[in-house]
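Good morning, and thank you for coming.

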Amino acid sequence: MSAPAGALQQRRNMAAADPEHYWRERGQVLDWIEPYTVVKDTSFDADDFHIRWFADGKLNVSANCLDRHLATRGDQVAIIWEGDEPGETERVTYRDLHARVCKFANVLKSEGVAKGDRVTLYLPMIVEAAVAMLACARIGAVHSVVFGGFSPDSLAGRIEDCGSTFVITADEGCRGGKRIPLKANVDAALEKCSGVARVVVVRRTGGAVTMTPGRDIWYDAAMAEASPDCPPEPMDAEDPLFILYTSGSTGKPKGVVHTSGGYLVWTAVTFREVFDYRDGDLFWCTADVGWVTGHSYVVYGPLANGATTVMFDGVPNYPDHSRLWETIDRLGVTIFYTAPTAIRALMREGDAWVARSSRASLRLLGSVGEPINPEAWRWYHEVVGDKRCPIVDTWWQTETGGIMIAPSPHITQPKPGSATKPLPGVQPELVDAEGIVLDGATEGNLVIADSWPGQMRTVWGDHERFFQTYFSTYPGKYFTGDGARRDDDGDYWITGRVDDVINVSGHRMGTAEVESALVGHPRVAEAAVVGMPHDVKGQGIYAYVTLNADDSGDDATREELRAWVRREIGPIATPDALQFAPALPKTRSGKIMRRILRKIAEGDTGNLGDISTLADPSVVELLVRERIG
Ligand code: PRX
């Protein structure tokens, strides 16, 4: 084991032996307005369920990401923005960013936003997204970022669920040379929900939009009048910092709530630890701020560390397949963090697109969002990283706030496809279906046995759902929803979701959400949705649809239904395969047998298992015969 890896193991041991002491020290990575005296105050048990970290400390997240860097790195670039068109860039120093955040915080205040109010952001990947997040943090408002690819309906649902009174958007977004009508989507969303008093509109493209008098204001006009002086609001460590909606196996998306203190400690520590960030590095995480990866490793983790972070408003294949590599060269990126789906998509296009660039600046590569298959891992390592750059395959979730399981950045003996070992302070276990803890090399359901600071604290507005979803399956433990294998070295290999969540291109989609969109169509009587293997996306969406009696679908119907889901939820929810099913395989009690539907979608039709408990076994034969793919 190399020396740094040995040091990491030592920290793991220390954290396990005395978490209180370990985290008391690690909490010092932040500046506290009032120091904490208590550190860990948590219990996963039903009769005493609570999770609190650093609870009597006070801090401000934006002051930790900005003010404290001004004396030493005010002129250092905090954010390099790279637009949809190559070379369309902006460099924002810590001093500039601080001034912009203070001004926008004053805009929010003058418009009546107060501590604890919810503010919805529906923005492209522009600097103003980070400004708005940090401005909320500065005054203690709770931001809820909604990915710009979600539909007006999805946006409305998220605005309504958290009772947001304020929306920040842009005229339009740009993605791969196409315009996305963000403001028009907000207008449509606000017709479906009430309570929003103000919409602030950032001018991104200059495209025409309709401004509703008395409700909508322009960002630049408001900023022109605002003072750059805004003292940070002292917040309790446990005060919410943000809400981020994510899909689960049942019901509508959950508002995952993260706190000010624990979340920022976790993202600050994991950023430095996993990416081995050093002064002078240029860090590029390609995620959108609409997802947790963008929150934790485009904005909060890097800025809390005084790092320089890249915000990318484009896509990997525009204007051509060398975009990422060309950008790495042009900007001098040293640490690059992306998702396997992007790697697979680019791998398919051939090595020549990569070979055009030097990538000489790179020293570390990261992967996140889904299992990385060994073939993609090797291509990333050999072709992109020229066999020089270690790869950190990071496993974590929206709920965990930051990275939980990842290799040391100093790996000497890589294991393609394994996220390897937990970070210090993380206690993964594998359990069987009954919750019995499995030892040694084995496979099971992945749980985390004890709390860590970056853990989500509740589901917005539904604390009971929080407990039920994560702590009731295996009492006393946090259930991740993932399966995993542990090898002889104690390294973890995540095998994927064991619940009804599909991981499409590293993004979570609940099968229930897609089903509910499908049955919302007047011609659909019933629908069942499962995941299927997909070469590029990792998993694709396979939908079985039963149309109303006497309605037989054709290709046009199929397209109509795919477009419908796209419109209802957003492009990421579009079914990849849609099969008409005169009936669905159900037990005699009427429960859909998803196991069978999954197997058919996977093409594993030779081994469907026991179908004798079905009400009508002949249904299966028909579905197999008409399988798509
Ligand atoms: O199934 C796991 C998968 O992504 C899920 C979490 O999705 P989300 O909350 O959207 O967050 C994605 C970004 C952190 C997990 O339950 N996942 C994430 N990272 C990995 C992974 N699966 C395998 N390997 C990973 N490195």
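Two points must come before the details. Residues are numbered from 1 along each chain as its sequence is written. The model is predicted, with local features requiring pLDDT of at least 70 and side-chain atom pairs counting only at pLDDT 80 or more, while totals for chains, interfaces and linings use all residues.

Let us begin with the sheets. Two strands pair if DSSP finds at least two bridges between them.

In what order do the 8 strands of the open sheet lie? The order is β12-β11-β8-β6-β7-β14-β15-β24, and the pairing is mixed. At its edges are β12 (216–218) and β24 (458–459), each of which pairs on one side only.

Within this sheet, please look at strand β7, residues 142–145. With β6, strand β7 pairs in the parallel sense over 4 bridges, and Thr 120 has Ser 144 of β7 as its bridge partner. With strand β14, residues 240–246, strand β7 again pairs in the parallel sense, over 2 bridges. Here Ser 144 has Ile 243 of β14 as its bridge partner.

Which way do the residues of β7 point? Val 142 and Ser 144 point one way, His 143 and Val 145 point the other way, and all are buried. Buried means that 20 or more other C-beta atoms lie within 10 Å of the residue's own; exposed means 12 or fewer, partly exposed means in between, and the C-beta atoms are placed from the backbone.

Helix α8, residues 182–192, lies across β6 (118–122), β8 (166–170) and β11 (198–202), and runs at about 150° to β8. For such angles, axes are lines fitted to C-alpha atoms, for helices over the stretch in contact, and the angle runs from 0 to 180 degrees between N-to-C directions. Contact between two residues means that their C-beta atoms, placed from the backbone, lie within 7 Å.

The next open sheet has 7 strands with mixed pairing, in the order β5-β4-β17-β16-β18-β19-β20. Its edge strands, β5 (89–93) and β20, each pair on one side only. From one strand to the next, the twist averages 20°. Inside the sheet, β18 and strand β19, residues 364–368, are parallel partners over 4 bridges, and Ile 335 stands opposite Leu 364 in β19.

Helix α12, residues 323–331, packs on part of this region. Its buried residues are Arg 323, Leu 324, Trp 325, Thr 327 and Ile 328. They pack against β4 (77–82), β18 (335–338) and α14 (352–355). After α12 comes Gly 332, with a positive phi near 80°.

I turn now to the ligand. Which of the 23 residues around the ligand come nearest? They are Pro 371, Trp 395, Gln 397, Thr 398 and Ile 494. The elements giving two or more residues to this shell are α11 (292–304), β20 (391–394), β25 (478–486), β26 (492–497) and β28 (507–510).

Gly 483 has Gly 496 of β26 as its bridge partner. Their hairpin has 5 residues between the strands, and there Gly 490 takes a positive phi near 80°.

Finally, the annotations. UniProt, in an unreviewed entry, places a "binding site" at Val 519, His 521 and Val 524. UniProt positions are given in the numbering used here, feature names are shortened, and annotations may be inferred rather than shown by experiment.

Is His 521 buried or partly exposed? His 521 is partly exposed, because 18 other C-beta atoms lie within 10 Å. His 521 lies in the loop between α17 (511–519) and β29 (524–534). Val 524, in strand β29, is buried, because 21 other C-beta atoms lie within 10 Å.

The unreviewed UniProt entry also places "modified residue: N6-acetyllysine" at Lys 591. Lys 591 is found in the loop between β31 (577–580) and α19 (594–602), and is exposed, with 11 other C-beta atoms within 10 Å.

Terms used. Near = placed C-beta within 6 Å.
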